[in-house]
Amino acid sequence: MERTHVPVLPTEVVEFLKLEQVNGGLFVDCTLGEGGHSALLLEHSPDSRLIGVDADATMIERARSFLGPLSSRVEFVQAWYDEFWNSYSGPRPHRILFDLGISTFHLSASGRGFAFRGDEPLDMRLSDSVRSAAELLENLSQEDLADILYVYGEERYSRRIAAAILRARDEHALRTTRDLAETVASAVPAAYRRGRNNPATRTFQAIRIAVNSELERLRAALPSALAALSADGGRMGVITFHSLEDRLVKWAFRAASGDDSAVGRSAVTAKHSNASKFAPKLIDTMVLPAGERIRILTRKPVLPSDEEVSANPASRSAKLRVVEKGTVEESR
Ligand SMILES: C[S@@+](CC[C@H](N)C(=O)[O-])C[C@H]1O[C@@H](n2cnc3c(N)ncnc32)[C@H](O)[C@@H]1O
């Protein structure tokens, strides 16, 4: 078995999470994947323990194998991270990391239909506790599908593509990822088809986000994770790959730091507002345990260097935001 996923922003994660300060601490990696970031956390803090969470049982097994001897300091938990935080009652973690989305393994080797290349079942599930892309597409109205493509995929041809997908569905011509990719290609202008990215890129991303309720889960998890974080200099980092994710994280951190300017705002911009049924509301207020406060350490998100992007193109849209927890007393 070979590792397929290269962890993004490795140097920046180590630096911003100040790992050397927490020896003997507790880390939570909410998106374990193949364990690349977890390995970094454990190697930089030799007496710390880690809880590694992933919705996907296959990733848990891959991480266990890649982490090798480091696994002895890891508790592996197969769960959606929002559900994990909802029921978490353990000791307060000193470091929490989210590295959102899916791993390279999902795209290249899972056989679960995440990629538009190849010919796989329309699945796209990270865990079989949710319904597959095929089931989702079977039940969506054209209008809702168009809104999903527009909001989650920022797909400008959302309406045409949604109409073509529903036509293909009704003609029983939508069985595999190849059918879906070809349906999308047939629905968009020739210039778009010949563009830099495959025309189905945004459609696949949007459907995957909907299948796994990715934004709702993030929205639900952030407040509980921030509340659980140790108030003794605990740090939490979130790496996003999508503008809606980044907006959710940015405003959640602001709300946690006492900035109430997100109140009543939606995570979508005005031009998307007619499709706002699918856009998560921003987290505009957050109640932390009494006497605790959050300080934002990254006013602007941390981006990968040019060297990282050329070595690992999958990192190109990554953005890291980090906060630190303290007590109100300390900040006086
Ligand atoms: C980008 S990968 C993480 C890669 C990891 N940092 C590494 O270095 O190998 C994201 C992982 O999070 C998992 N995931 C995505 N959304 C999740 C959720 N809501 N709850 C739990 N796991 C989730 C995916 O299954 C995937 O393995």
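These legends cover close-up views of a predicted model. Local features need pLDDT of at least 70 and side-chain atom pairs count only at pLDDT 80 or more, while totals for chains, interfaces and linings use all residues. Residues are numbered from 1 along each chain as its sequence is written, and side-chain values use heavy atoms, with hydrogens and water left out.

**View 1. An open sheet of seven strands.** The strand order is β3-β2-β1-β4-β5-β7-β6, and the pairing is mixed. Strands (E, at least two residues) and helices (H or I, at least four) are DSSP runs, numbered from the N terminus. Two strands pair if DSSP finds at least two bridges between them. The edges belong to β3 (74-78) and β6 (292-296); each has a single partner strand, so one side of each is left without a neighbour in the sheet. On average, neighbouring strands are turned by 15° against each other, direction ignored.

**View 2. Strands β4 and β5 side by side.** β4 (residues 95-99) and β5 (residues 235-240) run parallel, joined by five bridges. Phe 98 stands opposite Val 238 in β5.

**View 3. Helices α2 and α3 on the sheet.** Helix α2 (residues 36-43) touches β1 (26-29), β2 (49-54), β3, β4 and β5. Its direction makes about 170° with that of β2. Helix α3 (residues 57-67) also packs on the sheet, touching β2 and β3. The direction of α3 makes about 165° with that of β3. Contact means heavy atoms within 4.5 Å. Axes are lines fitted to C-alpha atoms, for helices over the stretch in contact; angles run from 0 to 180 degrees between N-to-C directions.

**View 4. An aromatic pair, Tyr 81 and Phe 98.** The rings sit edge-to-face, 5.1 Å centre to centre, with 85° between the planes. Rings of Phe, Tyr and Trp (its six-membered ring) pair if their centres lie within 6.5 Å; planes under 30 degrees apart count as stacked, over 60 as edge-to-face and the rest as tilted. Tyr 81 lies in helix α4 (residues 81-86) and Phe 98 in strand β4, 17 residues apart.

**View 5. The largest cavity.** Its volume is about 60 Å³. A cavity is a set of points on a 1 Å grid over the protein atoms alone where a 1.4 Å probe fits but cannot get out; lining residues have an atom within 4 Å of a point. The lining includes Lys 250, Phe 253, Ile 296 and Arg 321. Helix α13 (residues 243-256) gives the largest share, three residues.

Definitions and conventions: On a 1 Å grid over the protein atoms alone, a cavity is a set of points where a 1.4 Å probe fits but cannot get out, and a pocket is an open set with protein on both sides within 12 Å along at least five of seven lines; lining residues have an atom within 4 Å of a point. Grid points are joined across faces, edges and corners, and a volume is the space filled by probe spheres set on the points.
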